[in-house]
Amino acid sequence: MGTIQIKNLSYQYLDSDEPIFHNLSADIDEHWRLGLIGRNGRGKTTFLKLLLGTLDNQGSIKTNIHFTYFPAFPSDSSQSVMDVMTSNGGEEWQARIELEHIGIESSYDQRPFDSLSGGEQTRVLLARGFMTRGAFPLIDEPTNHLDIDGSKLVAQYLRSKSGFICVSHDESFLNSFVDHVMSLNRSSVDLVSGSINDWKSNKEARDHSAVEKNIRLRKSIKRLDQRANQQQRWAEQKERESNDASSRKSAKKLMKRVKVFKRRASENSQERKGLLSDIDQVDNLTTNIQSNTGNKLFFSLRSFSILRNGSKLFLPINLDFHENSRLAIYGPNGVGKTTLIQYLQQNVDLNYNGYKLVTLPNNIGYLSQSFESFVRNNPFFTDGRLEERTNVWNIMHQLGVSRSRLLASPKEWSMGETKKAALAYTLTQPHTLLIWDEPTNYLDISAREQLINLIKESQPSLILIDHDEHFISEASTQQIELRRPD
């Protein structure tokens, strides 16, 4: 046990008011399948970087094992899949075994890495992390950009392995293979044996107990304060009514009781401090999202498919989308989901088969898959009008981003915080139509539920692409699956 020994680990970003970690101590066994969880901005990726030694810190991390990191893209993406797999050591026969186990056929061996879909690249890079004998992979959000079948393949693959840490916000994905859980809470860290469900049940019980205890202590403090005030009034009345020795003695006795009640109230107040510090408050989102009551036809497609190099991206579809509807588009990686919504917005010029009528509104709130560069390179987030930036910050804060993190440079935000910034940007204006491409990627579970509640309450016109089955089911009123041609 304890092949990764962490003692008094502390780390704080230069532009942050609060440390990410303070005196964290933990022992992690080299055979664990450890799920690392926590809300966006709690330090999950930072923790992996500290293990890798790419960040300076206080405290110590002692280990004799070799870490690999996912995602680590090749410097030359035109390399063949086999060259990528063996770039960190290992034989081709080993690579073929790993690729087969993760669902990549042998015919892919000599294909250029950059010709693969995002989901296929994800699986290749994951498999490469297990190529080195004795390696301990640090896997950061592997389900991003994976389709539903791809997520199941990766979960099955990881269940056959041991000795790694996996960061994810997908509870069902983690539940299928983890045997230990490390949760980065608001003010503490849990490290427990079992599944996500085991940890969650225990955490909910502790939170419930803390809330109940807080209520009892609050009532006790109020009662003790009332009794102390009453005893003090009686003591003061005794002193005013008579100056004899008996009255002074009685008043002194009453004041002693006042001190006892105040001391007990103070002790209860101290006990209340921090009692609720690990309970996340999830607020309803207050936005400028626009509810629509009309039924205008935004587009109509009949026997429609987009062509690339003369070939259909997906089987022909028939689809009508009206104002006040919420459409979910899903399907395997590389089938053309993003291409379809870009085509409808006239952002790409491609040939097509079939019939189309497109009358999308002009004021569209668009969340792109390339949200990271949009936020980090957009002068709005550093130099935009203060009132408009404040509106974005308010929504980010409601989504769980702390005030100290809001003041950090956008380049220092985590991917989850950056995603929340991009989403908030689309929600600060009363757009006629929202188009969100994979909104749940990098988002913690609480934020996903907040978006679902917002959509159900506000009922905006919405087109979304996502691979989260629960989110799709709850957020959409109509769905369409894009399928590959035979």
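Strand β16 (residues 433-437) pairs with strand β17 (residues 462-465) in the parallel sense, over 4 bridges. D437 has I465 of β17 as its bridge partner. Two strands count as paired if DSSP finds at least two bridges between them. Strands (E, at least two residues) and helices (H or I, at least four) are DSSP runs, numbered from the N terminus.

This is a predicted model, in which local features need pLDDT of at least 70 and side-chain atom pairs count only at pLDDT 80 or more, while totals for chains, interfaces and linings use all residues. Residues are numbered from 1 along each chain as its sequence is written, and side-chain values use heavy atoms, with hydrogens and water left out.

The pair belongs to an open sheet of 5 strands, ordered β15-β16-β17-β13-β18, with parallel pairing. β15 (364-367) and β18 (478-481) stand at the edges with a single partner strand each, so one side of each has no neighbour in the sheet. From one strand to the next, the twist averages 10°. Angles run from 0 to 180 degrees between N-to-C directions, and axes are lines fitted to C-alpha atoms, for helices over the stretch in contact.

| Pair | Sense | Bridges | Partner residues |
|---|---|---|---|
| β3 (residues 33-37) and β8 | parallel | 4 bridges | L36 and M182 |

β8 and β9 form a hairpin, with 4 residues between them. β8 is mostly covered: 5 of its 5 residues are buried. Buried means under 20% relative accessible area, exposed over 50%, and partly exposed in between (1.4 Å probe, protein chains only). H180, M182 and L184 point one way from β8, while V181 and S183 point the other way.

Helix α9 (residues 337-344) is also mostly covered, with 6 of its 8 residues buried. Those are K337, T339, L340, I341, Y343 and L344. Q346 follows α9 and has a positive phi, near 60°.

Leaving aside neighbours within four places in sequence, R389 is in contact (heavy atoms within 4.5 Å) with F380, F381, T382, D383 and G384.
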